[in-house]
Amino acid sequence: MKDPALKDLPLKDLARAGSEDALHALQTDSSGLSSDEARRRLLDYGSNALRTHKANPWKVLLRQLASPILLLLIITAGISVFLGDATNSIVIGVILLVSVGLGFSNEYRAELAAEALHSSVRHRAVVVRDGAEKTVNVVELVPGDIVRLTLGAVIPADMRLLTATDLLCDESILTGESLPAAKDPAPVIGTAALGDLTSCIFMGTIVQSGTCSGVVAATGGRTEFGRIALGLGEHQPQTEFQRGLKKFSYLLLQVATVLTTLILIANLLLRRPLIESLLFSLAIAVGITPQLLPAVVSTCLAAGSRALAKRKVLVKRLVCIEDLGDMDVLVTDKTGTLTDGRISFLAAIPADSMFTANAVNVLGLLATESDLGHGRSGAAGANSLDAALWESPAGQSWEPKSYRRLDLVPFDHRSRMTTVLIEDGGGNRQMIVKGAPEDVLKYCAGVPAAARAALDAQFDAGARVVAVARCPAPALESLKGADRTGLVLAGFLCFLDNPKNSAKESLEQLAKLGVTVKVATGDNARVAEKVCTDLGLDYGRTLTGAQIDAMDDDELSAAVGGTGIFARVSPEQKGRLVGMLRTTGRSVGFLGDGVNDALALHGADVGISVDSGADVAKDAADIVLMDKDLGVLADGIREGRRIFANTIKYVLMGTSSNFGNMFSAAAASVVLSFLPMLPGQILLNNLLYDTGQLAIPGDKVDPEQLRAPSHWNIAFIRRFMLTFGPISSLFDFATFALMLFIFHAAPGEFRAGWFIESIATQSLIIFAIRTRRVPFFRSRPSSGLLLATVAVVAVGIYLPLSPVGGFLGFDPLPLPFFLALLAMTVLYLVLVEIAKKQFFARAAEPQKAPAPRTAEHHIHRRAARFSASGRHP
């Protein structure tokens with residue numbers, strides 16, 4: 001049972017209490033909970049989860065049965081059984097069962113793939129348990145846990161602060177405020193609103209600067225963020241791909257409603273039985289809809305996720321694969337993508353004769369955030385530049401034990417500097433500043449011209465440079481409020497990060513895919529330009545962070561298109577750049593792995609991070625690369641476009657042939673004295689055709705279809721349906737004439753002849769519609785699609801001639817029919833090829849810009865971090 005003292009403790013009361021009182025109220029202390037107590041509380045309070053990623057077969061099955069037309073058809077078939085038409089009802093029932101089964105099996109397999117993908121992404125937090133720090137999954141946090149957080153962390157629960165150093169939190173996801181909120185452990189005085197609880201931090205918000213520790217007060221759905229996320233439900237906001245599917249469904253619904261209503265009215269006017277007319281009309285409605293579209297889409301996405309996993313690309317949500325293929329602009333950082341990411345120390349360059357190279361090295365080593373007491377071994381986890389400096393010969397031979405660090409202001413992305421207050425063995429104190437040369441030099445007096453020239457030469461050579469400056473500080477006790485002006489430049493520390501050998505080829509691959517690559521870096525502009533030039537990247541112009549700040553939105557929107565390098569940019573500027581690129585109608589992907597990339601990752605159409613990146617970057621990303629390689633990303637884009645191309649193949653083939661066949665059936669039902677095909681035969685025809693289409697996800701795609709992103713275009717689909725559907729109907733009418741006037745067919749023969757002609761033409765037409773090239777000669781289908789199509793046609797021909805043909809309502813056909821069928825099929829394929837050339841020669845309709853992401857989208861993406869494989873509150 002839950003401890004009554006812990007039940008629903010109001011966060012506002014804890015905010016007003018002191019730190020020790022808060023610990024006492026939550027029945028814990030500074031050494032944290034014991035492991036046994038944590039397990040007990042986890043059972044009492046449940047997991048710290050807001051979402052579940054467990055595949056649910058019942059939900060998948062309900063989605064299969066959710067079609068109103070399908071449900072109405074089942075009910076009508078039941079009435080038909082009641083009225084004595086058992087044979088037709090059994091046929092319809094079996095067909096519906098197989099259709100639902102196919103859709104269910106494919107969609108459920110895709111859900112299992114999504115569950116496996118999600119389970120492979122783990123989010124952890126550092127907690128104090130049993131008096132020691134350990135990492136646990138964020139969903140295992142419980143009230144009373146003490147959690148330590150650093151720069152860039154996503155806060156995993158509602159917490160009362162215990163300690164904080166220069167702590168700022170981005171709470172925009174809760175409050176809508178764009179400015180970060182300052183936090184402090186001091187108790188709040190009086191009554192305060194949520195945004196004014198300065199001694200508390202909230203689940204889902206981000207540590208924008210500083211460090212802290214706190215005690216967990218609420219988890220899961222009891223948190224402020226949890227209430228909002230659970231209020232939105234599990235249903236994710238729709239992507240552009242899903243919105244396209246929805247529009248396409250509306251189009252089919254309109255066509256099916258008009259067509260079936262007219263057919264039902266016409267058959268009733270002809271005094272045909274009500275049940276027979278209703279069944280026929282509903283079979284037409286079902287027949288015109290590509291019933292297995294969800295299954296085909298799910299199969300495409302699941303196959304794509306497996307293909308990407310082999311290429312070391314982890315997709316958090318399957319539908320993001322489509323978004324990846326839609327991308328036509330990639331904004332990326334430089335380190336590790338265009339360069340090796342293996343930073344090595346080159347040399348220390350003194351500013352003048354007052355300093356030696358060794359003195360500059362020592363000052364640089366003193367101005368690191370690592371533990372000086374442990375020397376080189378204390379540099380574990382240091383930033384890449386500091387780590388390279390400690391690994392250099394000077395760092396390995398230097399002994400720091402005679403120095404004592406009195407205070408530290410860690411590096412942040414605004415000041416771009418680290419400042420330390422150091423005392424040596426003789427009691428002499430000095431302040432040392434290390435950071436970006438442009439920022440450090442602003443505080444230095446009398447910088448020699450030779451030093452500036454040396455700096456320019458290093459930038460032009462492509463070296464990464466850090467400036468080091470110092471000044472005596474005999475009376476300084478701490479750095480709080482310390483004045484950095486009057487520093488003396490000691491010199492520069494130079495590092496090398498060579499261009500990646502594979503980057504040039506990867507950039508060429510992206511260019512062939514129509515993806516424009518832009519570089520956003522915190523490094524110097526000339527260093528970035530040197531790397532891009534070495535790799536052959538045409539970057540156009542360069543903008544610095546200072547220039548970006550001087551521009552309003554209109555000026556920046558006009559400038560971003562022709563700019564390829566954004567240098568010395570802050571996290572806020574990266575986010576603004578992504579937003580500006582999106583307003584120009586481009587689909588923007590952002591690749592970043594650091595804390596300073598989170599805002600841009602959230603704002604991009606496709607956020608991409610790497611497995612070794614910061615938690616906040618991986619949380620914000622839709623796609624995680626196991627290797628930080630643009631070549632892997634190019635493979636992912638290609639795979640996304642292949643999936644979309646294959647999905648559209650099914651849509652175009654299904655709508656055109658289904659529309660043509662159902663239009664033919666509608667017209668024939670009015671003219672003939674009997675139904676041209678029984679409801680069960682229509683559904684069987686549609687099921688056979690759709691079953692063959694399940695091989696489409698593995699089909700090949702022509703290279704030209706991958707050169708640019710494709711989008712849903714309902715006008716294009718409608719035009720395609722109205723162009724190729726009537727061609728299909730034309731040959732249906734020719735078949736009708738052949739059966740009636742040449743073979744004088746009885747109703748059973750007529751239905752068998754049209755069934756075979758329909759399944760043959762609409763199945764074989766796959767090979768013409770799947771490509772804009774000449775099929776087989778210039779574009780070969782996959783062996784799976786070829787075999788599936790031939791098998792479907794063979795089954796379609798065999799069924800009317802088989803022993804079950806009579807049960808299905810078919811009569812045997814004369815041999816000359818099959819010779820005529822062969823001739824008509826060849827003529828049909830030739831006519832489609834002619835129409836295809838004329839159709840694709842027309843200019844395509846303009847594409848609309850993607851819709852911007854909403855606040856709901858951000859909440860769902862952030863909530864996905866708190867996901868368990870079981871039930872959640």
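Guide: Buried means under 20% relative accessible area. The structure shown here is a predicted model.

Visitor: Why does Phe839 count as buried?

Guide: Phe839 has a relative accessibility of 4%. The cut-off is under 20%, so Phe839 counts as buried.

Visitor: What makes Phe724 and Phe839 an aromatic pair that is edge-to-face?

Guide: A search of the whole structure finds 19 aromatic pairs. In the pair of Phe724 and Phe839, the rings are 5.7 Å centre to centre, with 65 degrees between the planes. Phe724 belongs to helix α27 and Phe839 to helix α32, so the pair ties together parts 115 residues apart in sequence. Phe724 is also buried, at 4% relative accessible area.

Visitor: How do you know that the charged end of Arg719 sits over the ring of Phe839?

Guide: The charged end of Arg719 is 4.3 Å from the centre of that ring. The distance limit is within 6 Å, and the charge must also be within 35 degrees of the ring normal.

Visitor: Why is Val94 called partly exposed?

Guide: Val94, in helix α6, has a relative accessible area of 47%. Exposed begins over 50% and buried is under 20%, so Val94 falls in between. Val94 is part of a nonpolar patch on the surface with Ile90, Val98, Val804 and Phe807. Helix α6 gives the most to this patch, with 3 residues.

Key
Residues are numbered from 1 along each chain as its sequence is written. This is a predicted model: local features need pLDDT of at least 70, side-chain atom pairs count only at pLDDT 80 or more; totals for chains, interfaces and linings use all residues. Side-chain values use heavy atoms; hydrogens and water are left out. Patches are made of residues with over 30% relative accessible area and no salt bridge: like charges are joined within 9 Å, nonpolar side chains (Val, Leu, Ile, Met, Phe, Trp, Tyr) within 5 Å. Accessible areas come from the Shrake-Rupley method with a 1.4 Å probe; for residues, only the protein chains shown count as cover. A salt bridge is a side-chain nitrogen of Lys or Arg within 4 Å of a carboxyl oxygen of Asp or Glu. Helices (H or I, at least four residues) and strands (E, at least two) are DSSP runs, numbered from the N terminus. Buried means under 20% relative accessible area, exposed over 50%, partly exposed in between (1.4 Å probe, protein chains only). Rings of Phe, Tyr and Trp (its six-membered ring) pair if their centres lie within 6.5 Å; planes under 30 degrees apart count as stacked, over 60 as edge-to-face and the rest as tilted.
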